[in-house]
Amino acid sequence: MPSVYFQTFGCQMNAADSDAVRALLSGRGFELCGSPADSDLIVVNTCSVREAAERRAKSRIAEFAGGKKARAGQRLWVIGCMAERLGDKLKEEIPGVDLGAGAKQMERSGEAVEAHFPKGGAYVGINANGGCDVSGVERLSPPLFSKAAVTGFVPVMRGCDNYCAYCVVPYVRGNERSVPYEAIESTVKEKVGSGVKEITFLGQNVNSYNHGGIDFPELLSRMAGISGLERIRFTTSHPKDCTERLVGVVASSQKFASHIHLPVQAGSDRILALMNRKYTAESYRSLLDMIRTRLPRADITSDIMVGFPTESDAEFRETLELVRCARFTTAFMFAYSPRAGTAAASMEEGISKAEKMARLSELIALQTGITREIYDKTVGEELEVLVTERQQKRDLAWMGQDAGCKRVLISCEGLAAGTILKVKAVRSSGMTLIAEC
Ligand code: SAH
Ligand code: SF4
Ligand code: F3S
């Protein structure tokens, strides 16, 4: 049997895409391999969102390309967002890449099996409609290679029409397309049938899902009715599409995790307008108030960026002020990285790299302190934890997640992945809760 090694960079959408390609290859007789040196095929799924993400992927790909000589006939495929962005330049930049299939045309990996591994069996197109119809990739489930998982990702829409000034995603992922409801329902039911307890619905801009008159709140309400599905999450919500109706649906059933990821990016109205985010710091705060009124225990998390072109020190301090008030449970924090072809790439930055890094450190220190306070305050509370995996380093210890977004370490005999149990948080490490049963 031919074997394949996967390396996936980037967001959860990439993880879901890698699973789909894995399933496609599995259907053609490939076995998953734990070591790149021993595999017939290496697939690298890439991210373009920041310069550093591309740098990491490129150096790994170059390493794999260099290792090809040691195994006759080994193939190297690069898929995902960086493959899309670089197009034909990818093979020029990194000799040794056999196939580049961008995020919009990963279906080509099906054809490539035939071209590269002719004994792999008859080619069956995974996307009868050709082009970038999303349903082809989603229908490839369940991922046959995956170990018995209790959590799963289901992409419900792809692409983005928002064109935030700094962001490459609309260019590499294309326009918004939503998956037909029936395909989502059958994927979810299949996953639940194979033991999945928690599904995270994915979209670059998930709450703008709309297909055949079914919008995102409606989709979520219907999903809550699926028996055996214990917990529902979704990401990422753009603040402009996070409505009271959506939050009402989340509040309507215990099945919904009490967690909303709501990237704010910045706290200055001038910078938010330049970013093309379509809300103000004030309207974002009102949104937080609305969510906290309806979901008082919710974990709200965010993405925050420092050093957008022309951001002054005073404007950066507005971001710090917003973060202080918002009390996000956690946040992903980034220094602005110019991406060719985006609107911001042609703006004069006016901030040194050292200044950007100093702002990022200050922001991280502030948010880390808030995260610690929130975790510490949870000690003594009863949590409902979905046990997800064994903690490798300690005996009897399992990792899980509470009904919000907090990581929980449980020491308990006789546990199994997939169990949902009520436990008491007895300690906090500032980023993990320790619980006893
Ligand atoms: N669709 C999601 C996020 C996609 S990218 C959303 O709209 O929120 C994830 C995060 O990466 C963004 O929220 C942003 O904070 C960050 N990001 C995107 N482009 C970036 C860039 N050019 N430089 C630095 N950070 C960036
Ligand atoms: Fe990028 Fe903005 Fe779209 Fe998010 S909403 S993917 S940040 S363009
Ligand atoms: Fe990166 Fe593409 Fe996701 S650019 S963040 S892998 S959509």
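Ala, Val, Leu, Ile, Met, Phe, Trp, Tyr, Cys and Pro are counted here as nonpolar, Asp, Glu, Lys and Arg as charged, and the others, Gly among them, as polar. On this division, the shell around ligand 1 consists of seven nonpolar, four polar and four charged residues. The structure is a predicted model, in which local features need pLDDT of at least 70 and side-chain atom pairs count only at pLDDT 80 or more, whereas totals for chains, interfaces and linings use all residues. Residues are numbered from 1 along each chain as its sequence is written, chains are lettered from A and ligands numbered from 1 in the order in which they are written, and side-chain values use heavy atoms, with hydrogens and water left out.

Ligand 1 is surrounded by 15 residues, of which the closest are Q204, P263, Q265, D303 and S337; a residue is taken to be near a molecule or strand if one of its heavy atoms lies within 4 Å of it. Polar contacts are pairs of N or O atoms within 3.5 Å, and within protein one atom must be able to donate a hydrogen and the other to accept it, while residues adjacent in sequence count only if both atoms are side-chain atoms. A nitrogen atom of ligand 1 lies 2.6 Å from a polar backbone atom of Q204, and a backbone N or O atom of Y166 is found 3.0 Å from a nitrogen atom of the ligand. The side chain of Q265 places an N or O atom 2.7 Å from an oxygen atom of ligand 1.

The residues around ligand 2 are C160, N162, Y163, C164, Y166, C167, V169, P170, H238 and R277, and by class they comprise seven nonpolar, two polar and one charged. C160 is buried at 10% relative accessibility, and C167 is likewise buried, at 15%; buried denotes under 20% relative accessible area, exposed over 50%, and partly exposed the range in between (1.4 Å probe, protein chains only). Around ligand 3 stand C11, N14, C47, S48, V49, C81, R173 and Q204, a shell of four nonpolar, three polar and one charged residues.

One disulfide, defined as a pair of cysteine sulfur atoms within 2.5 Å, is present in the structure, and it joins C412 to C437 with an S to S distance of 1.9 Å. Because C412 lies in the loop between β18 (407–411) and β19 (420–428) and C437 in the segment after β20 (433–436), the pair ties together parts that are 25 residues apart in sequence. C412 is buried, at 16% relative accessible area, whereas C437 is exposed, at 55%.

Helix α1 (residues 12–27) has 16 residues and reaches 23 Å from its first C-alpha to its last, close to the expected 22 Å, the expected span being 1.5 Å times one less than the number of residues. Since 13 of its 16 residues are buried, α1 is largely enclosed by the rest of the structure. G29, which follows α1, has a positive phi near 90°. In helix α13 (residues 313–326) lies T319, which is buried at 2% relative accessible area, and a polar atom of the T319 side chain lies 3.0 Å from the backbone nitrogen of G267.

Note on methods. Helix = DSSP H or I, 4+ residues; strand = E, 2+ residues; numbered from the N terminus.
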